[in-house]
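I opened my notebook to look up a few things in this structure.

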Amino acid sequence: MNAIGNMARLTRAGAILAWSGARVFPEDTALPAPLALFGRVTAPLRKNGAANGGNDARLSTALTSLGPSYVKLGQFLATRDDLVGRDLARDLATLQDRLPPFSETEARTAVEEALGAPIDTLFAEFGPPIAAASIAQVHKASVREPNGRLRAVAVKVLRPGIEQRFQRDLDSYLFAARMMEQFHSPSRRLRPVAVVDTLAKSVAIEMDLRMEAAAISEMAENIKNDHGFRVPQVDWNRSARRVMTLDWIDGIPIGDRNALLKAGHDPKALGAHLMQSFLRHAMRDGFFHADMHPGNLFVDADGSIVAVDFGIMGRLGLKERRFLAEILHGFITRNYQRVAEVHFEAGYVPWRHSVPLFAQALRAIGEPIMGRPSSEISMGQLLGQLFQYTEVFDMETRPELLLLQKTMVVVEGVGRGLDPNLNIWVVAEPVVKEWMEATFGAGAQFEAAAEGAASVGRFVGDIPKLLGQVERTSDAFAAMVEDGLRLDNDSVERLAEAQNRRNRVSRVAIWAGAIALVAIALTLIF
């Protein structure tokens, strides 16, 4: 019954996408037979749909009509051009997470249930929604301080029933991913099941507003000594899993250049500071805001950049941060040999490939960019071209680096909106050098040596315990050798028969779904 439900939901989604005329697979993709058949049958719809705007507009309209989980899926895939290709990822990048709001009455009920108190005792004022997205919406409210003054706050409230809706659709995505892995061997390299699992974890975190509040708190701690960039303060007493309360931000949207000039701010300085702040968060802290589009950035009266909406965050381990810093420094200094070596040392490119050949490929990426005017150089696009070599050199796909690259492209776009001549390399160089000095300099090496000595001490202290584990493991292996590990013919036959049954059921399911999709498509066409 689960399979039937999943196929019905996927069939409906396929029909809506087909009717929209949107292209949903990369060009020249070797699709499984059922999807290829579906693509041929719906080709006339895509041709007719071209009259209704570009593929990005058609795709956005179709995904929005399918509901919140498909909007979130589109935004997620926009960060994974290794899965959907550059053109489709670019089309998905225009998808706006804006949906009609739910009623103020529902929001008030949700707040009271989440916080366990009447809303009038929690807030002095609670207004209608001012913004609504796929998972939650925001209300402006106020709280009364002990001194009697009113303090403006923003209250974010999850949509009613959103968890159940997402769970159903995520089950459908997982069903489709499993079918792809089982019947389409080229897809296995991209690990679609793991991709859906990553999306599910991301959505689960985003639907627990305590996690978003914790992300804001963590970033506030990381940047407490930084100048010119801040985040709102969390009101923990009025926050729970389904409700989050933050300080209200009064500021000018960072994309409104004329308003910034009128208020006396320097757009060029703001553009450079935004780029440096993002790189500092990524490399120094390993924790960055991954949704820094203009709607989430404001400039306050003091000239500080204020970020909001921390539902999507990126993390980089020390290994990834070193990789990023050395790559950027290598491209800045045009040391392509070192950039190539970093890829091999990090394990991203297998050692069976040639380091000089990979350095040659990097030079092919870097040199054309270095000769361009500063206004045309994009660090994010450079990383994007670099990641396109994943298949040629068997590079391991790193989702966290892809998310960083996509965010970097967005931040660069915001920065160039403030200063069209923003020189990304000049702005980035001091941040990269500062981090490399702090990480690889003499002081850092001394700290690393001290930490290594402490680790050796802990290891020596654990030797008796390790010897005991080795002795127990040896005993277990000895017992296995003596007793044997039996798997008789009858067991093998039963396992094979069970696998054959699963394969037969899966084939019937996927072809039945394909026939249903084709039938719906033919009905829509004729």
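Entry 1: My terms: buried means under 20% relative accessible area, exposed means over 50%, and partly exposed lies in between (1.4 Å probe, protein chains only).

**Ground rules.** I am reading a predicted model, where local features need pLDDT of at least 70, side-chain atom pairs count only at pLDDT 80 or more, and totals for chains, interfaces and linings use all residues. Residues are numbered from 1 along each chain as its sequence is written, and side-chain values use heavy atoms, with hydrogens and water left out.

**Entry 2: ring pairs.** I noted the rule for rings of Phe, Tyr and Trp (its six-membered ring): they pair if their centres lie within 6.5 Å. Planes under 30 degrees apart are stacked, over 60 edge-to-face, and the rest tilted. How many aromatic pairs does this rule give? I get 8.

I looked at F323 and Y348 next. Their planes stand at 85 degrees and their ring centres are 4.5 Å apart, so I call the pair edge-to-face. The pair links distant parts of the chain, 25 residues apart. F323 sits in helix α15 (residues 318-332), and Y348 in the loop between α16 (336-345) and α17 (355-370). Helices (H or I, at least four residues) and strands (E, at least two) are DSSP runs, numbered from the N terminus.

Is F323 buried or exposed? F323 is buried, because its relative accessible area is 4%. Y348 is buried too, at 2%.

Then I went back to W351. W351 pairs with F344, and this pair is tilted: 45 degrees between the planes, 5.2 Å centre to centre.

Entry 3: I traced an open sheet of 4 strands, in the order β4-β9-β8-β6, with mixed pairing. Two strands pair if DSSP finds at least two bridges between them. Which strands are at the edges? They are β4 (229-230) and β6 (252-253), each pairing on one side only. β6 runs antiparallel to β8 (residues 297-299), joined by 2 bridges. I252 stands opposite V299 in β8.

**Entry 4: confidence.** pLDDT is the predictor's confidence in each residue, from 0 to 100. The protein chain averages 79, and 73% of the residues score at least 70. Over residues 443-457, pLDDT stays under 50. Where pLDDT is low, the predicted coordinates should not be read in detail.

Note on methods: Contact means heavy atoms within 4.5 Å.
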